[in-house]
Amino acid sequence: QVHLVESGGGLVQAGDSLRLSCVASGRAYHVGWFRQAPDKEREFVAGITSTGSQPFYADSVKGRYTISRDTAKNTIFLQMDNLKPEDTATYSCAASKVTCKGNRRLYDYWGRGIQVTVSS
């Protein structure tokens, strides 16, 4: 069993930055960040391997978001820079035994999510 808790969300203005954290209990799994805006499908944002050696990004955030991992603390970070109003969503981290890419069906455990709101 893996328990995931997100923190760091909030309300910011366009162009600002936020850093989300995801603290994972239990063994280290691959982790992905997903987001879901109102009336939209949940979408993959970024993922990182269990060792932290390989990150992956959705095209929509490439160059603006950075995923990283503190393996000693089993904490995964999502640094979000140059935020845009279209980044507004509930962000969730999820753990998988087999992937850190975009197929959300392959993720076994999910955090409750945290709101990020970007005003224009």
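**Aromatic pairs and their surroundings**

Author: In this predicted model, Phe-34 has a relative accessible area of 1%, which is under the 20% limit, so the residue is buried. A search of the whole structure finds five aromatic pairs. One of them joins Tyr-29 and Tyr-109 in an edge-to-face arrangement, with the ring centres 5.9 Å apart and an angle of 75 degrees between the planes. This pair links distant parts of the chain, the two residues being 80 residues apart: Tyr-29 belongs to the loop between strand 3 (18-24) and strand 4 (30-36), whereas Tyr-109 belongs to strand 10 (residues 109-110). Both Tyr-29 and Tyr-109 are buried.

Phe-34 itself pairs with Trp-110; the ring centres are 5.0 Å apart and the planes meet at 55 degrees, an angle between the limits of 30 and 60 degrees, so the pair is tilted. This pair, too, links distant parts of the chain, with Phe-34 in strand 4 and Trp-110 in strand 10, 76 residues apart. Trp-110 has a relative accessible area of 29%, which lies between 20% and 50%, and therefore Trp-110 is partly exposed. Phe-34 and Trp-110 also belong to one aromatic cluster, together with Phe-44 and Tyr-107.

Charged side chains accompany some of the rings. The charged end of Arg-27 sits over the ring of Tyr-29, at 5.0 Å from its centre. Arg-19 lies over the face of Phe-77, 4.2 Å from the ring centre.

Key
Residues are numbered from 1 along each chain as its sequence is written. This is a predicted model: local features need pLDDT of at least 70, side-chain atom pairs count only at pLDDT 80 or more; totals for chains, interfaces and linings use all residues. Side-chain values use heavy atoms; hydrogens and water are left out. Rings of Phe, Tyr and Trp (its six-membered ring) pair if their centres lie within 6.5 Å; planes under 30 degrees apart count as stacked, over 60 as edge-to-face and the rest as tilted. Helices (H or I, at least four residues) and strands (E, at least two) are DSSP runs, numbered from the N terminus. Buried means under 20% relative accessible area, exposed over 50%, partly exposed in between (1.4 Å probe, protein chains only). A charge sits over a ring if NZ of Lys or CZ of Arg is within 6 Å of the ring centre and within 35 degrees of the ring normal.
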